[in-house]
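I opened the notebook to look up side-chain contacts.

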Amino acid sequence: SDHMENIYGYLMKYTNLVTGWQYRFFVLNNDAGLLEYFVNEQSRHLKPRGTLQLAGAVISPSDEDSHTFTVNAASGEQYKLRATDAKERQHWVSRLQICAQHHTEAIGKNNPPLKSRSFSLASQGSANSPGVQRRPSQNAVSFFNVGHHRLPAGKRVPIMQPDHLVDVREMMSQAEGQQRDLIRSIECLPASGHLTSLDQDLLMLKATSMATMNCLNDCFHILQLQHASQQKGSLPAGTTISWLEPKISLANHFKNGAAQNFPAEINKPASVREEQSIAEPCQLTREPEEINPDEELEDVCDDKEDDLGAVEEQRSVILHLLSQLKLGMDLTRVVLPTFILEKRSLLEMYADFMSHPDLFIAITSGSTPEERMIRFVEYYLTSFHEGRKGAIAKKPYNPIIGETFHCSWRMPKSDVATDAGTTSSAHSPSEQVTLPKDPEGQAELDYYTVKFVAEQVSHHPPVSGFYAECVERKMCVNAHVWTKSKFLGMSIGVTMVGEGVLHLLEHGEEYTFSLPCAYARSILTVPWVELGGKVNINCAKTGYSASINFHTKPFYGGKLHRVTGEVKQNMTNTVVCRVQGEWNSVLEFTYSNGETKYVDLTKLSVTRKRVRPLEKQGPFESRRLWQHVTESLRDGDIDKATEHKRALEERQRNEERLRAETETPWCTKYFLKDGDGWVYHKPLWKTVSAAQTHQTDSN
């Protein structure tokens, strides 16, 4: 009860772009469940300038800063407010949430279940009709008649019996039809005037009605499962009832709820017909292809994603899409609109994490196990900054199964850090291994080559395998990642399930590591990326390990993109290095001897990757596969990009259906299944082992 007292005070309220923020006096009326505001405290005895019903409202702290929060009423009206500090924001948010929950629960207790609802557009009248002269404060819901047919007084609602499911299904069908009529009525409104089909309140009404139908369908499915279990007896131990994906196809509702109509096949661009006509991948050659690094050219693409572009223009479409999602929903099977995509495949994004090959190669030059572990941690933490293309959170293309990406980096040997007193090419006689010679018999080169290959090895679940190696330094890394995306309200979370292993063959060491979670925050305003979670790096042979924490921004206060970690010798439990800072800015390494090293990621040199020209790439290599989508996005032609993207997705679905019908397993090209993971078909550790065996036999 102490939390239900009325509170009042000044807050800043965002009005519009012209007026901006203005101080207003707010009063939380707990008894009535209202949030009211006045011009100032002296006018409190007058009629409020504005009022929000808190029943069913959502109160959300903003990611923008530690002072701002929003109050989203069930009617669709929103107040964007700002307190003087984080403590005051927390006070208001807590009291508003308690009040909203109390009155929402009260409505549920005081109102019996509704038998049915009917929706119909109110008569619009003439252009001069008072009904059309909409006041700014008037809610769009007032344009609709919502008839609630209650049960006769005194009549109790009977307990639902299994045979009543037929009646429920009939009611659901009627409701779905009425909901479709509602959508159609909104979309038939004119594109301009006092009330248009793009009105924000009508979009909210359309979106919430669709979300409600999705939820009702899920509930009905659970009732069916319970009915089936009653007929067959109790469910087996451990059985769970899963939520369904949305019944309404998201792909058909991007354009303001209307299905996208693409031109007939004969009118489609040649590039789209080409995308749809590529043969079944297993019918193409699935033999691994040896990529000659000399055919690769330095990459000239620089597709930074620093502007909102079409995202700003498509705000209503994003709102419409979000309304169809449930908290915690797996987004793996959700087709997202094209305009939120960045111009590269997820496989290429993994390659961009290798943009500091000098730090990668330098790992094996460490003279002690301790130094090698610290160097790996330094490389690991500097890889995420370049993996992002700009500050705006956009999504890379979802790779289709069988898609591959190849590239390499050339690093001058003089630019690679080595241990004191050694050169980058010095090895003891026992370490020297005769590797396959350059077919052209060239003399020793003055640069190192790091080769990279990635392949989408599975579609459901979406799993990518990637592998990189530097033959000259006898080191390689193999990893597999399963990306699990979930809807978190105003954020999207991506969990990177999987494991990577770095092999330092000179030292016989293996370093296992995991990847942090990624979050796209503020997806309705200016989306930005945040990393979070704890990752571990371990070397079983040496007993050294590292624990790294990527800190998400706290509820109020705190810094963005913060990371902390420590390197430890497990046998003695001694911390030999601590690290702190921001993963996209400056990192501070403090060593056991008291020395401190600062790494400014914004000033680190980036080595451009080398990629084969499009004409030399195979049909399933990322850049050639997605070239028409990428070109359309560069040109700002979202409709054309969507058409090309849809053609690729349709082809993938058709291929998957054909494999299921013919019971044909998918054939990977470069990676082999190994337990729960995937391993490159010809890893360096096998090549070196075979070379050592051959050298021993020769001696």
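The entries below cover salt bridges, aromatic pairs and charges over rings.

Entry 1, basis. I am working with a predicted model, in which local features need pLDDT of at least 70 and side-chain atom pairs count only at pLDDT 80 or more, while totals for chains, interfaces and linings use all residues. Residues are numbered from 1 along each chain as its sequence is written, and side-chain values use heavy atoms, with hydrogens and water left out.

I looked up the salt bridges (a side-chain nitrogen of Lys or Arg within 4 Å of a carboxyl oxygen of Asp or Glu) and found 22 in the structure. Arginine 344 bridges to glutamate 342, with the closest N and O atoms 2.2 Å apart. Arginine 344 also bridges to aspartate 352, at 2.5 Å from N to O.

I then checked burial (buried is under 20% relative accessible area, exposed over 50%, partly exposed in between, with a 1.4 Å probe and protein chains only). Arginine 344 is buried at 4%, glutamate 342 at 1% and aspartate 352 at 2%.

Glutamate 348 and arginine 623 form a salt bridge with their closest N and O atoms 2.6 Å apart. I placed glutamate 348 in helix H7 (residues 346-352) and arginine 623 in helix H10 (residues 622-625), 275 residues apart. Helices here are DSSP runs of H or I with at least four residues, strands are runs of E with at least two, and both are numbered from the N terminus. Glutamate 348 is buried at 7% relative accessible area, and arginine 623 is buried at 18%. A salt-bridge network joins Asp299, Glu342, Arg344, Glu348, Asp352, Lys609 and Arg623.

I counted rings of Phe, Tyr and Trp (its six-membered ring) as paired if their centres lie within 6.5 Å, with planes under 30 degrees apart stacked, over 60 edge-to-face and the rest tilted. The structure holds 21 such pairs. Tyrosine 37 and tyrosine 79 are edge-to-face, at 5.6 Å centre to centre and 80 degrees between the planes. Tyrosine 37 is in strand S3 (residues 34-38) and tyrosine 79 in strand S7 (residues 78-82), so the pair ties together parts 42 residues apart in sequence. The rings of tyrosine 350 and phenylalanine 466 are stacked, because their centres are 5.1 Å apart and their planes at 25 degrees. Tyrosine 350 is in helix H7 and phenylalanine 466 in strand S15 (residues 463-470), 116 residues apart.

I required NZ of Lys or CZ of Arg within 6 Å of the ring centre and within 35 degrees of the ring normal. Lysine 13 lies over the face of tyrosine 79, 5.1 Å from the ring centre.
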